Amino acid sequence: MRTAEDGYPRGVSVTELGLPGLRAASVARHDPARPDDPRLIDRFGRVATDLRVSLTDRCNLRCTYCMPAEGLDWTPKDELLTDDEIVRLVGIAVRQLGINEVRFTGGEPLLRKGLESVLHQVSELDPRPEISLTTNGIGLARRAEALKAAGVNRLNVSLDTLRPDRFATITRRSRLSDVLDGMAAARAAGLNPVKVNTVLLRGVNDDEAPALLRYCLEEGYQLRFIEQMPLDAQHGWQRSEMITASEILASLRREFILTPDPAERGGAPAERWLVHAGPSSGAPGHASGAPGRGPVVGLGPVLGTVGVIGSVTRPFCGACDRTRLTADGQLRSCLFARGETDLRALLRGGASDEEIADTWRGTMWAKAAGHGIDDPGFLQPDRPMSAIGG
Ligand code: SAM
Ligand code: SF4
């Protein structure tokens, strides 16, 4: 059993308390305040329908904002959920808890042996969830077709720079061309639209927002910038170093005109913008006047969209529809949750699907209102992003 001392503290699990799974399930189910609703509702009126599953905490890159150069102490194999256990939990989520979207992530999910088999089994669930994958793109070029065939609907690839030297600085590996090839292969395999996730780092790649957007528009990818969050294994995050959503937008507006995307945002974390050619682009039909300020006349055609995920400065916790499962079978109601619920112990202790579903409902019912990064008492979760699943 892992403890706070080994770097992965978590909420007290039912097995640690010595309680049988059924008792814990009953506690969850019989909270008198919880309405009798099979879905993953919480005390603030939210309903989780989007399940994030981390398939491994391992990675073949070492992004500076995510993990140290030497990597981390990877979870031993016997503590990881098996393929069958993952499929069983996803099945419970889909059939009993109203989950309709499953995103596989990590660590680097392409490193998980048997990935395509897990995807295929999930794609055969009834009702079939939407299946997506977040990857760093290494090895994607030769896997894209198989991922599509296994049932993946959508793909997010992480790309922070178009410059090989900066890629090597940020990820500590010289693999930029592999990532670009992977994205092109995903597009060719029909995994469209390929979404691109970018984190900007002050003094490293914060001047590249317009270039990345230009590239993604040309290639037909959908770009989303993500504010850097306090989820790095080294606990080195500093607010002053974070490039904010406002800074990202200001940088983009030096080259493009952005107007709010009227499409319904729903629980999506990204604020979406329609991108039009700006004055400096030389494209026909561009707006007159200062970009991004005041009413804009003569907008050029929409070139595409861009998203900005202001997790820290523009939190969207009130609309959150996520529930998360780590590679070692711990259920989390939030990226920033301080506690976890040990579903692996329930699975391996012989719990029924109904007992597991009830425990899941209870954990989500107790979900906090927000991540609390701005609270004076905020504590970064000890488990880093790579071990939670981003
Ligand atoms: N390895 C895969 C990848 O990089 O896409 C999947 C896992 S990674 C943890 C998922 C996403 O989280 C990536 O887009 C990555 O850039 C982002 N990420 C990692 N650490 C972050 C942090 N501290 N703040 C914001 N985003 C982060
Ligand atoms: Fe690996 Fe993704 Fe973390 Fe980069 S962000 S180190 S690719 S898990």
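Visitor: Which residues are closest to ligand 1?

Guide: In this predicted model, 20 residues surround ligand 1, where near means that the C-beta atom, placed from the backbone, lies within 6 Å of the molecule. Local features here need pLDDT of at least 70, side-chain atom pairs count only at pLDDT 80 or more, and totals for chains, interfaces and linings use all residues. Residues are numbered from 1 along each chain as its sequence is written, while chains are lettered from A and ligands numbered from 1 in the order in which they are written. The closest are Ser 158, Asn 197, Met 229, Met 385 and Gly 390.

Visitor: Which elements give two or more residues to that shell?

Guide: Helices (H or I, at least four residues) and strands (E, at least two) are DSSP runs, numbered from the N terminus. On that basis, the elements are strand E5 (130–135), strand E7 (195–199) and helix H11 (385–388).

Visitor: Where does UniProt place the feature "binding site"?

Guide: The record is an unreviewed entry, and such annotations may be inferred rather than shown by experiment. The positions span 18 residues in sequence, yet no two of their C-alpha atoms are more than 9.3 Å apart, so they gather at one spot. UniProt names Cys 317, Cys 320 and Cys 334.

Visitor: Is Cys 334 buried or exposed?

Guide: Cys 334 sits in the loop between strand E13 (330–332) and strand E14 (341–342). A residue is buried if 20 or more other C-beta atoms, placed from the backbone, lie within 10 Å of its own, exposed if 12 or fewer, and partly exposed in between. Cys 334 has 21 C-beta neighbours inside 10 Å, so it counts as buried.
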